[in-house]
Amino acid sequence: MQKEREEEMGECGGGGEYRCWEELLPDALGLVFRNLPLREVLTVVPRVCKSWSRVVAGPYCWQEIDIEEWRQQQGKPEQLVRMVEMLVARSCGSCRRISVSGLPGDPLFSFIGDHARALRTLEIPRSEISDAAVESVAPRLPNVTFLDISSCTKIGARALEAFGKNCKSLVGLRRVMHPTDVAGKACQREEARAIACTMPRLRHLEMGYMVIATDAVLDILARCRDLRFLDLRGCWAVDDKFLQERHPGLRVLGPGVDDCFENSYLEECSDYSDDSSIYSWELMEDDDDDYYAVGSDDEAIWDDGQGLENLEVRFYGGGFSESYAGFDWPPSP
């Protein structure tokens, strides 16, 4: 019996202490797996053993869903829909951050609203969502504190107002447009007005290339008194010198455009907590049906036949930090 015990200990890591990776708590394994590439988490980890497969199939890995890198290599909207729906469903309502560009329509946005009501950070630039969809979904996302809706060209003041009225803890907003998004577009003063009237707690605001004038920005500053950082690059009608005279304590970038710059924006405006209690999930019951099978939907989502012609280069994004704000901007005219 002693000999069998020693052999078992040797298989599980040796030394004087008995340890098996497969016996780690699911929350701990989830923290480890989240440091791996998405593809490995979905197609390699589940094949190791049943306990690891159950961890990947459960909520432990999916409090944060960032599939932007994967998204850039996928040209098929149906693959994006399947991936987002699968991962959000696995989070079991615990997801706090979603980062993916180019949602193909309102149904997927509505799905996120239905199944990810604990969201704190929502980054969905260049998504094909509508004002009506935002008005319907925003009441289901009351905990959002950071929002990126850059280059979402089908929404306007109505959507911004809906986000502002329902996401009352919103402290960071990125509404950056590409120059081609606003070419020939009328003034976006109504969007600026919606921000001013419904988002009084903003501390970080990016409005690159929005078609606005100085008076619209002053309206925002008069109502958003906690604002610390304002990105106005590409907003050529704004008098930045006047803003600096009126608000000397505010950091303003623009309207001139630089290729890149150095800064260190502190993430102090987020009340996001790293309390380990948020990972306190009850152990899932053993179920052989949950074990990963080769050829399952997880594996089918991957399509290595995609060529470089389908690669989508991300123009904006990378988190709410000044170090990402407006990187790779077009030069000033």
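1. Two residues are taken here to meet when they are in contact, that is, when they have heavy atoms within 4.5 Å. The model under discussion is a predicted one, and the points below should be read with that in mind.

2. By that criterion, Pro26, Leu29, Gly30 and Phe33 in helix H2 meet Trp52, Val55 and Val56 in helix H4. Sorted by class, this contact of H2 with H4 comprises 6 nonpolar residues, 1 polar residue and no charged residues. The two helices, H2 covering residues 26-33 and H4 covering residues 50-57, pack at an angle of about 75°, and their axes are 10 Å apart. Since angles of 65 to 115 degrees count as roughly perpendicular, H2 is therefore described as roughly perpendicular to H4.

3. Helices H6 (residues 77-90) and H7 (residues 106-115) have axes that come within 10 Å and cross at roughly 5°, so H6 and H7 are roughly parallel to each other. On the H6 side the contact involves Val81, Val84, Glu85 and Val88, which meet Leu108, Phe111, Ile112 and His115 in H7. The residues of this contact divide into 6 nonpolar, 1 polar and 1 charged.

4. Helix H6 itself has 14 residues and reaches 20 Å from its first C-alpha to its last, a span close to the 20 Å expected at 1.5 Å a residue. The buried residues in H6 are Gln79, Leu80, Met83, Val84, Met86, Leu87, Val88 and Arg90; of these, Val84 and Val88 are also listed in the contact with H7. After H6 comes cysteine 92, whose phi is positive, near 55°.

5. Helix H11 (residues 214-223) is largely enclosed by the rest of the structure, because 7 of its 10 residues are buried. Those buried residues are Thr214, Ala216, Val217, Leu218, Asp219, Ile220 and Leu221, and the elements against which they pack are helix H10 (189-198), strand S6 (204-206), strand S7 (229-231) and helix H12 (240-246).

6. Serine 151 is placed in the loop that lies between strand S4 (146-148) and helix H9 (157-166). Its relative accessibility is 9%, and because buried means under 20%, serine 151 counts as buried. The side chain of serine 151 also makes a polar contact, at 2.6 Å, with the side chain of aspartate 181.

Note on methods. Residues numbered from 1 in each chain as written. Predicted model: local features only at pLDDT ≥ 70, side-chain atom pairs only at ≥ 80, totals over all residues. Heavy atoms only, no water. Buried < 20%, exposed > 50% of the residue type's maximum accessible area, 1.4 Å probe, protein only. Helix = DSSP H or I, 4+ residues; strand = E, 2+ residues; numbered from the N terminus. Axes fitted to C-alpha atoms, helices over the stretch in contact; angles between N-to-C directions. Parallel < 35°, antiparallel > 145°, perpendicular 65-115°, else oblique. Nonpolar A, V, L, I, M, F, W, Y, C, P; charged D, E, K, R; others polar. Polar contact = N/O pair within 3.5 Å; in protein donor to acceptor, adjacent residues only side chain to side chain. Expected span 1.5 Å × (residues − 1).
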